Amino acid sequence: QLHVVESGGGLVQPGESMRLSCVGSGFTLDYYALAWFRQAPGKEREGVSCINSREGTHYVDSVKGRFTISRDNAKNTVYLQMNSLKVEETAVYYCADNVECIDNPEYWISPNIAWGQGTQVTVSS
């Protein structure tokens, strides 16, 4: 069974930055592709970024140039650095393991995806 736990969320002002962490347990993270999703109030969950086992990455268009996904296999952790945050990016951010990390976020969710519990990110003045 795969398990991931997110942390690092909280309240930030528009234009500020935040880094989220996703720690894996019950598996060796090195061999898996992981992704960050988010679900804003009243909206469907969307893929934000993913990283594969070879550190190849993909991003949804709206965050390109501002967000950076990375992994530290020694710490069994994946990060999402979010810069210049916007109010509309207020959402619960979820980490997921065992994804299909391809260029189209609509296809990241695989039958055996493992979801974290989510961490709230609130962007507000």
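Which residue in β9 is the bridge partner of W36? Keep that in mind while we get set up.

You're looking at a predicted model, where local features need pLDDT of at least 70, side-chain atom pairs count only at pLDDT 80 or more, and totals for chains, interfaces and linings use all residues. Residues are numbered from 1 along each chain as its sequence is written, and side-chain values use heavy atoms, with hydrogens and water left out.

**Stop 1: the whole protein**

Show everything as a cartoon. You'll find eleven strands and zero helices; these are DSSP runs numbered from the N terminus, with at least two residues (E) for a strand and at least four (H or I) for a helix. The C-alpha trace spans about 40 × 25 × 25 Å along its principal axes. The radius of gyration is 13 Å, close to the 14 Å that the globule rule gives for 125 residues, so the protein is as compact as a globular protein of that length. That radius is taken over C-alpha atoms, and the rule is 2.2 Å times the number of residues to the power 0.38.

**Stop 2: strand β9**

Select residues 91-97. Six of the seven residues in this strand are buried, so β9 is largely enclosed by the rest of the structure. (Buried means under 20% relative accessible area, exposed over 50%, partly exposed in between, using a 1.4 Å probe and protein chains only.)

Strands count as paired if DSSP finds at least two bridges between them. Here's your opening answer: W36 has C95 as its bridge partner in β9.

In β10, A114 stands opposite D97.

**Stop 3: the disulfides**

A disulfide is a covalent bond between the sulfur atoms of two cysteines; here, the test is a pair of cysteine sulfur atoms within 2.5 Å. How many disulfides does a search of the whole structure find? Two.

Zoom in on C22 and C95, joined with an S to S distance of 1.9 Å. C22 sits in strand β3 (residues 18-25) and C95 in β9, 73 residues apart. The torsion about their S-S bond is about -75°, so this disulfide is left-handed. Both cysteines, C22 and C95, are buried.

Then jump to C50 and C101, whose sulfur atoms are 2.1 Å apart. C50 lies in strand β5 (residues 46-51) and C101 in the loop between β9 and β10, so the pair ties together parts that are 51 residues apart in sequence. Here the torsion is about 85°, so the disulfide is right-handed. C50 and C101 are buried as well.

**Stop 4: the core**

Select L20, W36, F67, V78, L80, M82 and Y93. In the largest nonpolar core, which has 28 residues, these touch the most other members. Such a core is a set of buried Ala, Val, Leu, Ile, Met, Phe, Trp, Tyr and Cys residues joined through side-chain atoms within 4.5 Å. Apart from it lies another core of ten residues, among them A33, Y94, A96 and I113.

Leaving out residues up to four places away in sequence, V78 touches residues including L20, C22, W36 and I69, where contact means heavy atoms within 4.5 Å.
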